[in-house]
Amino acid sequence: MIGTVNRVLLGLAGLVLLVVGGAVLVTGLGLSLPSWWPWDGTDDVLLSRSDRTRWRDEGWWWPTVIAVLAVLVVLALWWFLAQLRRRRLAEVLVDSGDGEGAMLRGRALESVLGVEAARLDGVADAKAALTGRRTAPRARVRMLMEPHASPGLALRGLSEGALTHARTSAGLDELPAEVRLKAVKHHAERVT
């Protein structure tokens with residue numbers, strides 16, 4: 001999600017800068033311009049004095065400017081904090097018993113969790129993600145449930161199966177999990 005937002009924001013910023021810069025360059029070079037073009041000469045400015053002061057005396061102007069700037073600040077802070085957030089756990093520290101320890105790739109454990117959860121009865125698909133610290137990971141599992149599935153049985157199967165296997169194979173004391181269930185969309189069945 002963050003990668004997509006970053007690409008969209010950078011693309012929009014680049015497009016705006018390209019259009020404004022191209023417009024200023026075309027005007028500055030004195031090329032022939034269409035009649036609707038906002039700037040018409042090499043000495044023209046982007047915002048004239050009258051354009052900059054046109055709305056100052058209106059009652060709605062300053063509250064609107066402050067509201068827009070506040071929204072931009074909140075969006076910029078959200079974006080900045082999203083960049084600092086750790087997305088996934090890259091590795092899990094496994095106690096090998098010899099005092100050294102070993103590293104288990106987080107993606108490998110996520111993959112095994114997802115595959116084993118997807119094999120449960122009534123589960124169409126499952127995805128797992130690890131968060132937290134490498135000595136105390138946390139699992140987030142999303143399961144796509146079939147229409148006939150029992151959520152209680154699926155959760156019990158996940159807890160007693162995939163999560164228990166992952167916890168014991170990684171030598172963890174505990175592996176807390178957040179499970180989100182979503183139903184598969186299906187068409188109404190016809191009775192004949």
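Is glutamate 178 buried, partly exposed or exposed? I looked it up: glutamate 178 is partly exposed, with a relative accessible area of 36%. My cut-offs are under 20% relative accessible area for buried, over 50% for exposed, and partly exposed in between, using a 1.4 Å probe and protein chains only.

**Ground rules.** I am working with a predicted model, where local features need pLDDT of at least 70, side-chain atom pairs count only at pLDDT 80 or more, and totals for chains, interfaces and linings use all residues. Residues are numbered from 1 along each chain as its sequence is written, and side-chain values use heavy atoms, with hydrogens and water left out.

**Overall look.** I noted 5 helices and 5 strands in the protein. These are DSSP runs numbered from the N terminus: helices are H or I with at least four residues, strands are E with at least two. Along the sequence the pattern reads α-α-α-β-β-α-β-β-α-β. The radius of gyration is 28 Å, well over the 16 Å that the globule rule gives for 192 residues, so the protein is more spread out than a compact globule. (That radius is taken over C-alpha atoms, and the rule is 2.2 Å times the number of residues to the power 0.38.) Along the principal axes, the C-alpha atoms fill a box of roughly 75 × 65 × 40 Å. I also wrote down that buried residues make up 20% of the 192 residues.

**The sheet of three.** Next I traced an open sheet of 3 strands, ordered S3-S4-S5 with mixed pairing. Strand S3 (123-133) and strand S5 (177-183) are at the edges with a single partner strand each, so one side of each has no neighbour in the sheet. On average, neighbouring strands here are turned by 15° against each other, direction ignored. For pairing, I need DSSP to find at least two bridges between two strands. S3 and strand S4 (residues 136-145) have 10 bridges and pair in the antiparallel sense. In one of the places I checked, threonine 131 has arginine 138 in S4 as its bridge partner.

**Helices on the sheet.** Helix H4 (residues 106-118) packs on the sheet and touches S3 and S4, its direction making about 150° with that of S3. Helix H5 (residues 151-169) lies across S3, S4 and S5, at about 140° to S4. Contact here means heavy atoms within 4.5 Å. The axes are lines fitted to C-alpha atoms, for helices over the stretch in contact, and angles run from 0 to 180 degrees between N-to-C directions.

**The S1 and S2 pair.** Strand S1 (residues 91-94) and strand S2 (residues 102-105) run antiparallel, joined by 4 bridges. Valine 92 stands opposite leucine 104 in S2. Val92 and Val94 form the covered face of S1, while Glu91 and Leu93 form the uncovered one. In a regular strand, side chains alternate between the two faces of the sheet.

**Salt bridges.** How many salt bridges does a search of the whole structure find? It finds 2, counting a side-chain nitrogen of Lys or Arg within 4 Å of a carboxyl oxygen of Asp or Glu. Glutamate 178, from my opening question, pairs with arginine 180, the closest N and O atoms being 2.8 Å apart. Arginine 180 counts as exposed, at 54% relative accessibility. The other entry joins aspartate 125 and lysine 127 at 3.7 Å, N to O. Aspartate 125 is partly exposed at 31%, and lysine 127 is partly exposed at 45%.
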